[in-house]
Amino acid sequence: MAERILIVEDEKLLRWALRERLAKEGYDVVEAASGAAGKRAVEEESPDLVLLDFRLPDMTGLDVLKDVVDRRQDIPVILMTAYSTVETAVEAIKLGAFDYINKPFNQEEMILLIAKALETSRLRREVRAMRRQQEEQYGLTNIVGSSQAMREVFRMIHKVGRSAASTVLITGESGTGKDLVAKAIHYASDRAGGPFMNITCTALPENLLESELMGHERGAFTDAKTSKQGLFELASGGSIFLDEVGDMGILLQAKLLRFLEEKTFKRVGGVRDLKVDVRVIAATNRDLAKAVKEGRFREDLYYRLKVVPIVLPPLRDRVEDLDALVRHFIDQFNREFKKSCRGATGGAMELLRRHPWPGNVRELRNIIERAMILEDKELLDEDDLPEELRAVPVSRPSAAATDGDGAFKLPEGGYPLDRMEEEMVRQALTRTAGNQTRAARLLGISRDALRYKIKKFQL
């Protein structure tokens, strides 16, 4: 579809000459002979670019320019004037004009300027569309969960995103979604328009990791044939995500601490301090407090990173989110694989609920992806799940505790029912390391009922 250009010019001959030339270049041309007609045409014709005369019979081109910018900031405007002064040009650019050109002008020069303006406009639209897509892909809506633990995570993301906090520490087991939370913090902040850079601290040896983060000067080492900006510089105005920061070497930890304290650093081989504005979001699946005691992580860096901590719960501690997560991944892979699966059977969900999820949400995602690739069913069932999930037996009372028919055996001398109930609740809590959701599931009661019994027995 041809791009549309609006010519706002009161000289009929010049309008005709421009229209003829632009039509030859393949553009769709709309004309207006006054400022008021030009304003209406912007509203009604939705042009891709406006050629605007400075002196019009009813108003100045700057008046029209203000109106265009107020209504449609995405339309580039080129001001045409025979009365150009430095002040006029500066004011036009300040008001939002793409550029200006002096009359009389060379038509070839005008064609080149139009092409440049339209290309810039296209690039800006692509960047905006990409940012919108990133915000949708990595925003809060991509993190699923309504459990109390996840509600606290969402609250922290909102608060941290809007805050001026320069450091954030995300902890949690592998597969809990630390990278998603880091991106959600970035896109929930006023830094969303800036870059989001990430690096895994275990991916490179310490000397190469330092060069990646801080950049290097020419000749800093054998292969440094040119100077190179590091991620700290490239992320200026945005955020940098340091994944698995707990595995960073001690020497580099000292340099990271200096950067966090002063927001300055030197490139490898450099002597000049560089200053940037960047938010550092660090993440680890390690116990940093334990690493500090063992001398593997600097205590001062630990406390500097821990200014705003966010703890991600493992999936086994928020099984109530499992249904929503399964639905989320099925919807995602329906779009990706062009399928129409409606969900999972009760039996499949029961197997998923019984699984301990050592790989957390990442493991669940991989399981659903595998099932969706291999099957075309309306509902995923037990047979679509991996063998290791189907091999877990349903818990039953042990033979020693039953009379052979599956029922618990009452001792000969009797046993108080309250004491048995208390002992079962105690054992369930012990077996699940205090996880009330899993303990309630073992006992076949709701979590609220379990809480009542915990209070009743003062456990």
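Visitor: Where does Leu443 lie, and what makes a segment a helix here?

Guide: Leu443 lies in helix H18, which covers residues 436-443; helices are DSSP runs of H or I with at least four residues, strands are runs of E with at least two, and both are numbered from the N terminus. This is a predicted model, in which local features need pLDDT of at least 70 and side-chain atom pairs count only at pLDDT 80 or more, whereas totals for chains, interfaces and linings use all residues. Residues are numbered from 1 along each chain as its sequence is written, and side-chain values use heavy atoms, with hydrogens and water left out.

Visitor: Is Leu443 called buried, exposed or partly exposed, and why?

Guide: Leu443 has a relative accessible area of 30%, and since buried means under 20% and exposed over 50% (1.4 Å probe, protein chains only), with partly exposed in between, Leu443 is therefore called partly exposed.

Visitor: What makes Lys263 and Gln458 stand out in their backbone, and how are the two classed by accessibility?

Guide: Phi of Lys263 is near 55 degrees, a positive value in a residue other than glycine, and phi of Gln458 is also near 55 degrees. Most residues other than glycine have a negative phi. Lys263 is placed in the loop between helix H10 (250-262) and strand S9 (264-265), and because its relative accessibility is 14%, Lys263 counts as buried. Gln458 is placed in the segment after helix H19 (447-456), and because its relative accessibility is 73%, Gln458 counts as exposed.

Visitor: Which residues does the cis peptide bond join, and what is its omega?

Guide: The cis bond joins Lys103 and Pro104, with omega at about -10 degrees. Most peptide bonds are trans. Pro104 is found in the loop between strand S5 (99-102) and helix H5 (107-138).

Visitor: Why is strand S8 described as largely enclosed?

Guide: Strand S8 (residues 239-243) is largely enclosed by the rest of the structure because 5 of its 5 residues are buried. Ser239, Phe241 and Asp243 point one way from S8, while Ile240 and Leu242 point the other way. In a regular strand the side chains alternate between the two faces of the sheet.

Visitor: How do you know that S8 pairs with S7 and with S11?

Guide: Two strands pair if DSSP finds at least two bridges between them; S7 and S8 run parallel and are joined by 5 bridges, and S8 and S11 pair in the parallel sense over 4 bridges, so both pairs meet the definition. Ile199 has Leu242 in S8 as its bridge partner, and Ser239 has Arg279 in S11.

Visitor: What is the strand order of the sheet that holds S8, and which strands form its edges?

Guide: The order is S7-S8-S11-S6-S12, an open sheet of 5 strands with parallel pairing. Strand S7 (196-200) and strand S12 (309-311) are the edge strands, because each pairs on one side only. Strand S6 (residues 167-171) is joined to S12 by 3 bridges, and these strands run parallel; Ile170 stands opposite Ile310 in S12.

Visitor: What is the order of the sheet that holds S1, and how many bridges pair S1 with S3?

Guide: This open sheet of 5 strands has the order S2-S1-S3-S4-S5, again with parallel pairing. Its edge strands are S2 (28-32) and S5. Strand S1 (residues 4-8) pairs with strand S3 (residues 49-53) over 4 bridges in the parallel sense, and Leu6 has Val50 in S3 as its bridge partner.
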